[in-house]
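Please open the model in your viewer and keep the sequence panel beside it, as this tour moves from one selection to the next.

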Amino acid sequence: MPLTPVLTKRFGTNAPWLLDNYVKLDGYAGLRKALTMQPDELIALVKDSNLRGRGGAGFPTGMKWQFIPQPKPGESGKPHYVVVNADEGEPGTCRDLPIMMNDPHSMIEGIIIACYAVRAREAFIYIRGEAVHAIRRVTQAVNEAYDKGYLGENVLGSGLRFDLTVHGGAGAYICGEETALLDSLEGKRGQPRLKPPFPATNGLYDAPTVVNNVGTLASVPYIVLGGAAWHKQLGPDGSPGTSIYSLSGRVANPGQYEAPMGTTLRELLELAGGMSRGLPLKFWTPGGSSTPLFTAEHLDVPLDFDSVAKAKSMNGTSAVMIFDEGDSVVQAVLKWTQFYEHESCGKCTPCREGNYWTAQILERIWHGQGTLADLDTLLDVSDNILGRSFCALGDGATSCITSSLQYFRDEYLALIENNPNGGLQSDAAALTGAHA
Amino acid sequence: MANQRLSLIDIGRPGDSSIFGDEIRAAAAEIIARYPMGKSRSALLPMLHLVQSEQGYVSADGIAFCAETLELTKAQVAAVATFYTMYKRTPTGEYLVSVCTNTLCGMLGGDDIYRALSERLGVGMNQTAGTPGTPGSITLEHAECLAACDYAPVVTVNYEFFDNQTVDSAIGLVSELQAGNRPMPTRGAPLCSFAEISRQIAGFVDQRPASVRAEATGPQTEAGVRLAQQLGQQAPGYPPGEDSRSSTGADAETAAAGNSGKRDNSSSNDAPLNTAKSDPAAASPTGGQSERIDKAD
């Protein structure tokens, strides 16, 4: 597959984050065209393009927009909102920050088009608090867009007013979950809501709300300019378009590689100069730490939503973290599990308690104190987390545990064999170890 | 291990909101005005960053001030303040040094870096070397994924990126900070104090040209586009008729390639640690923007 920079095409050009430079490279042409269309036409176009959300779940964007209830002429309803999920924090994921820091107007243009389509007049960008330089660049870009008539009163002569507010978070992975993000934006603890009702009808301030990821919205202007057929010629039918593959870890040239959906790791590794230490590939994530691990046997799985699901993982955020034979999968799983333990919001018991216990069990296995029974307990606890919490954090937390036990059980067993207390025989050690 | 989330040391006393003067009250009003009428509670997260910028942490006073201003109970505010990692429970140093120890950064050297800094500074998680708030004081923390995995292992100082760190470079970094110097981040604005950055996160962004124009890219960010240029690969152009301006993706691609030669690597940034990158925007002909951009606060 060739590289096909679309969302990344302005990276490395002359200060593309300044509005004038952005306009020179296609910028705001999509918005100008969109404003000549009817809002419903735009929703139909995005639906027809089959754009799927880039935030991880891959939900069809056009459908999300269409779910916003539109009052009939003469009826008055609640205001509609567009909220941008810029709380990038899924381990391995590092493509929204580069977009916001280098090409913030592409996201802003997509936001204004989305507002026009779903008949929202106000939008909020929820940027994770740690991303200070992204907050800085996006704020500057928003101010410039106001100054030059792309935001505020009578945008580009349309007679319509659009407002956009930048909102910094405060450090909580869970706020990347859309309903937790909405609660957080309302000034509360960032804890997921029970769905339904969905944000499309009961979102921000209980009003109809579209929540889209940065990359999703940044894709919209190109779809408006190129059309649905142009978008669908890239990648497979079920999940078309380009994907920014974020390669990190034991790879010679890590970084952002934008290629059609459905590119394989074998192809990506070739582009990125192969492995970094001369050691063979051992395990990798197709879409962040919440997606079940892949191994060398998955090198040729097309990385798009449907193909990855067929291979029993998830495309997620196309955050490809690569590990080699020198890395311990147990150590990696332990560290990810400690992350989920720390970031569990505490609302649902299976996730809050389950991750607390799996982290402890993994810790004692890693330190040579594990027993054979621990492996069953890990799977049992995982089974009791999966599908039993409000949001996907709990489900995601079990991914690396169950997939690593599926592919690398021997590595766990080797650590257990080294237990000086006889890990393979004794179950009593599990109880003493539980308090370590 | 003690649960960091429960160690809100300052919550026992009632808190005194009167310590916050007119300037902070005006800033709070400005924050509230960003949100729709009647939705002032949305201002709570930025306001907690604001009170943190005054005291270096979220104190009982800060909680009382937020509660009073937003007509919430102190319990409601404290519940929020204790939920989020970025609100600190004890006074923070001039610099918050965060080492990513999530799996990828950790295994590529982040764990070693954290251990080395902890030893060097003689402090553990969320502890401060030096008297908090005084010049050169450093609060250390290990952080979860900072969304810079392609630059692993990363360290941030007051949330500005220092990419591709090693044990030696990280020790060099904190030594510079302790000596009163402010090395340039690899990606991010020239360093300011923790109090100042907290105010920026509250939405009062430093829009001085040196900050807004500071480096935001690097070889990893541009790895794909650079390679595409070398290989002559690009996305298909828009079909004729779809776009009346005929500004195709391919055109922008060509422009991108043309622009790449214009990068000016003679930066005005001083780079004590060799980590600063040139600022391609510094010498750009669009410098006229800078007159308009001024510090917001």
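Which strands of chain B does H5(B) lie across? Select H5(B) together with E1, E2, strand E3 (138-143) and E4 of chain B, since those are the strands that H5(B) lies across, running at about 145 degrees to E1(B); angles run from 0 to 180 degrees between N-to-C directions, with axes fitted to C-alpha atoms, for helices over the stretch in contact. Helices (H or I, at least four residues) and strands (E, at least two) are DSSP runs numbered from the N terminus.

This is a predicted model, in which local features need pLDDT of at least 70 and side-chain atom pairs count only at pLDDT 80 or more, while totals for chains, interfaces and linings use all residues. Residues are numbered from 1 along each chain as its sequence is written, and chains are lettered from A and ligands numbered from 1 in the order in which they are written.

Next, show the whole open sheet of chain B, whose five strands follow the order E2-E3-E1-E4-E5 with mixed pairing (two strands pair if DSSP finds at least two bridges between them). Its edge strands are E2 (127-129) and E5 (160-162) of chain B. Within the sheet, E1 (95-100) and E4 (155-157) of chain B run antiparallel and are joined by three bridges, and B:Val97 has B:Val157 as its bridge partner in E4(B).

Finally, turn to the chain pair, where 82 residues of chain B are in contact with 83 residues of chain A, contact meaning C-beta atoms, placed from the backbone, within 7 Å.

Key
Contact = placed C-beta atoms within 7 Å.
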